[in-house]
Amino acid sequence: EIESPSRFLMINLLCGIGFGLIAMTICLPSMPQWQGEFGVDQASVQLTFSSFIIAYGVAQVIYGPLSDRYGRRRLLLLGLVIATLGSIAASIAPNLVALTIARFVQGAGAAAGLVLGRAMVQDYFTGPDRSRVMAYIGMVMGMCAPIATVVGGQIHVHFGWQANFAVIALVSVALFISTWI
């Protein structure tokens with residue numbers, strides 16, 4: 001009889017899948033401040049979100065085929081490194097252009113968790129276990145964005161907008177370590 005995948009694997013995959021949504025939305029409460037801080041209009045600030053979304057969407061199409069060739073775990077680790085670098089760059093961005101580019105990099109890295117996490121669910125789970133994990137994925141995807149926005153607002157109020165990106169960098173490192181294990 002085949003041993004079912006570990007609970008640790010399932011939790012790690014769920015965290016990886018939710019990571020991109022958290023990275024995408026945690027800074028939403030900070031965006032109104034960027035207009036005054038960087039001396040730009042609101043449309044320019046919105047480009048930071050758009051750049052994340054574009055990279056997040058395009059990278060999803062790329063990670064899948066590459067993971068078939070080079071392995072899911074390897075690509076997931078690479079994506080987490082890219083997300084960490086983008087998050088660190090965003091946390092120290094001196095202007096809106098740098099922040100927009102950093103968010104693009106962050107989005108490109110964060111996409112790995114969504115695509116590869118779901119693929120790994122298909123690889124490692126079967127039958128009722130797969131259905132159960134897919135239901136958990138739906139719950140995670142539904143809860144991550146609103147919770148991240150609330151948490152991001154609190155982090156912004158208490159520590160400043162840069163702290164949101166530092167938190168995402170730390171979460172990415174933690175996911176890297178747990179994925180490595």
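Helix 1 makes the greatest contribution to the lining of the largest cavity, with three residues. The model is predicted, with local features requiring pLDDT of at least 70 and side-chain atom pairs counted only at pLDDT 80 or more, whereas totals for chains, interfaces and linings use all residues. Residues are numbered from 1 along each chain as its sequence is written, and side-chain values use heavy atoms, with hydrogens and water left out. Helices are DSSP runs (H or I, at least four residues) numbered from the N terminus.

The structure holds one cavity of 30 Å³ or more, and the space in the largest cavity amounts to about 40 Å³. A cavity is a set of points on a 1 Å grid over the protein atoms alone where a 1.4 Å probe fits but cannot get out, and lining residues have an atom within 4 Å of a point; the volume is the space filled by probe spheres set on the points, which are joined across faces, edges and corners. The lining of the largest cavity is formed by N12, L13, G16, L76, L80, G113, G117, L175 and T179. At least two lining residues come from each of helix 1 (7-25), helix 4 (72-91), helix 5 and helix 7 (161-180). By class, the lining comprises four nonpolar, five polar and no charged residues (Ala, Val, Leu, Ile, Met, Phe, Trp, Tyr, Cys and Pro count as nonpolar, Asp, Glu, Lys and Arg as charged, and the others, Gly among them, as polar).

Helix 5 also packs against helix 7, in contacts defined by heavy atoms within 4.5 Å. Their axes, lines fitted to C-alpha atoms over the stretch in contact, come within 13 Å and cross at roughly 25 degrees, with angles running from 0 to 180 degrees between N-to-C directions. Helix 5 and helix 7 are therefore roughly parallel (under 35 degrees). In this contact, L99, R103 and Q106 of helix 5 meet W161, F165 and I168 of helix 7. The residues involved are four nonpolar, one polar and one charged.

The axes of helix 5 (residues 96-124) and helix 6 (residues 127-159) come within 10 Å and cross at roughly 160 degrees. This pair is therefore roughly antiparallel (over 145 degrees). On the helix 5 side, L114, R118, V121 and Q122 meet R130, V133, M134, I137 and M141 of helix 6. Six nonpolar, one polar and two charged residues make up the contact of helix 5 with helix 6.

Technical notes: Angles under 35 degrees count as roughly parallel, over 145 as roughly antiparallel, 65 to 115 as roughly perpendicular and the rest as oblique. On a 1 Å grid over the protein atoms alone, a cavity is a set of points where a 1.4 Å probe fits but cannot get out, and a pocket is an open set with protein on both sides within 12 Å along at least five of seven lines; lining residues have an atom within 4 Å of a point.
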